[in-house]
Amino acid sequence: MLRAPRGTKDILPPESHKWAYLESLLRRLSKLYNFEEIRTPIFEYTELFSRTVGESTDIVRKEMYTFQDKGGRDLTLRPEGTAPVARAFLERGLAQGALPKKLFYLGPMFRYEKPQAGRYREFVQYGVEILGSPSAYSDVEVILLAVRIAEELGLTGTVLYINTIGCPKCRQAHREDFVKHISSRAKQLCKDCLERLETNPMRILDCKNPACREAVADVPLVKDYLCDDCQEHWDTLQQLLESLGLEYTVDPTLVRGLDYYTKTVFELKWPPLGAQDAIIGGGRYDGLIEELGGKPCPGVGFAVGVERLLLAAEKGQKPLNPDVSIDCFVVFPGGGDRRLAQAGFKLVNDLRGSGLSSDFDPLGRSMKAQMKHADRLNARYVAILGEAEFEQGLVTIRSMEHGWQKQVPAGQVLDFMKEEVSGGSK
Ligand code: HAM
């Protein structure tokens, strides 16, 4: 039997109802914070990611699904959404329009990672980006949206970690001291970190290896080397969070796994998720648009894995409870009098025409089996059109929720059902 590739999964009902529910919640919140949707291609030129996410990052070195198409172009299934949004912003001239531009996306991303709970090779991200605002208010705006998502899902006890990694100017000042310090402990470093020491030393802070973590324990931190502009941004950000009463923890080792970040980086963690507890990650990327060949244009945003949100919601205090019911199931005998079956089928169609979700049994099973099927489909009402009803021009309506049963003249069934479904008598 052929199976789905490792790290991917099929989303079947009833789980798909939860996905739809969560996606509509994310769309509602996007509207509330005035983010508009952008959809970018699933694959991009590989260079887009190597130049922005960074050659020395795990994503680019180990995790990208890269291939050549028949024309010999180097393409990559997008591992994240920020670089594609920045590319589209630039290519499509959005920088010339009203700024800031606030965009959101919701779609699949691909990373060749070791699959485990909350970590997949194909996963869905919801992300937001504010392009064209250097203001710390924008950093806080996206942080507030991130926190709001967790709140709406009833996740209590989330922890907001923030840090500043400065700009290239601050990092240059910091780099020499940092490298000097780490070089004195080079023996402790893993193979990857030895390479990082040459290419992108700050990335060593991101290594999970216990010996490497020990090597960076008392390393000089960028936050002590900030230029005036980055210092002011960092101070404003913290003052704003405090003015809102939003609790946060400064984690000076938080650098995140992507190279485009400048100034603010943040993560929202929910500890009950265990190893993959970082549900939301984001930060500022003031050099990204320039890196792609545009005029300098600041940006800030975050992304969240929808699978991780669903896992968290299931473990949280407010498990997702989407409505999986249908309004009406029409029971009628499939065999025998063809006029009766046709009348039953017409009733299904008329109910649907009136805006009531409805279904029927196309397999001609017994009335009892059909009732059972109606129950399985979570029908709120069943309309029974048996031979006796048909002859008398009636339809029997049964409320599955309240257990009552009424006979209604066939000509009045639609109005009766519309009234019932919107009001719901007992
Ligand atoms: P990221 O931290 O790489 O950031 O990913 C953001 C979120 O995507 C993670 O917190 C996690 O919920 C989810 N995620 C990442 N990898 C996987 C995976 N293999 N399986 C399941 N979920 C995963 C970014 O992608 C940045 N583009 C975020 C950003 C937007 N920064 C600024 N704007």
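1. Helices (H or I, at least four residues) and strands (E, at least two) are DSSP runs, numbered from the N terminus. This is a predicted model, in which local features need pLDDT of at least 70 and side-chain atom pairs count only at pLDDT 80 or more, while totals for chains, interfaces and linings use all residues. Residues are numbered from 1 along each chain as its sequence is written, and side-chain values use heavy atoms, with hydrogens and water left out.

2. The shell around the ligand holds 28 residues, and Glu80, Glu113, Glu129, Tyr261 and Ile279 come nearest. A residue counts as near if one of its heavy atoms lies within 4 Å of the molecule or strand in question. Strand β10 gives the largest share of this shell, six residues. The elements that contribute two or more residues are β6 (122-131), β10 (278-284) and β11 (299-305).

3. By class, the shell divides into 13 nonpolar, eight polar and seven charged residues. Here Ala, Val, Leu, Ile, Met, Phe, Trp, Tyr, Cys and Pro count as nonpolar, Asp, Glu, Lys and Arg as charged, and the others, Gly among them, as polar.

4. Glu113 places a polar side-chain atom 2.7 Å from a nitrogen atom of the ligand. For Thr82, a polar side-chain atom lies 2.8 Å from a ligand nitrogen atom. Gly305 takes part through its backbone: an N or O atom there is 2.9 Å from an oxygen atom of the ligand. The ligand taken alone exposes 660 Å², of which the protein buries 95%; these accessible areas come from the Shrake-Rupley method with a 1.4 Å probe.

5. Helix α1 (residues 15-32) and helix α11 (residues 306-315) have axes that come within 11 Å and cross at roughly 105°. Axes are lines fitted to C-alpha atoms, for helices over the stretch in contact, and angles run from 0 to 180 degrees between N-to-C directions.

6. The residues involved comprise six nonpolar, no polar and three charged.

7. Two cis peptide bonds deserve a look. One runs from Pro13 to Pro14, with omega near 5°, and Pro14 sits in the segment before α1. Another joins Leu99 and Pro100, with omega about 0°; Pro100 is in the loop between α4 (82-91) and β5 (101-110).

8. Asn34 has phi near 60° and belongs to the loop between α1 and β1 (36-37). Asn378 has phi of about 55°, in the loop between α13 (367-376) and β14 (379-384).

Notes:
Polar contact = N/O pair within 3.5 Å; in protein donor to acceptor, adjacent residues only side chain to side chain.
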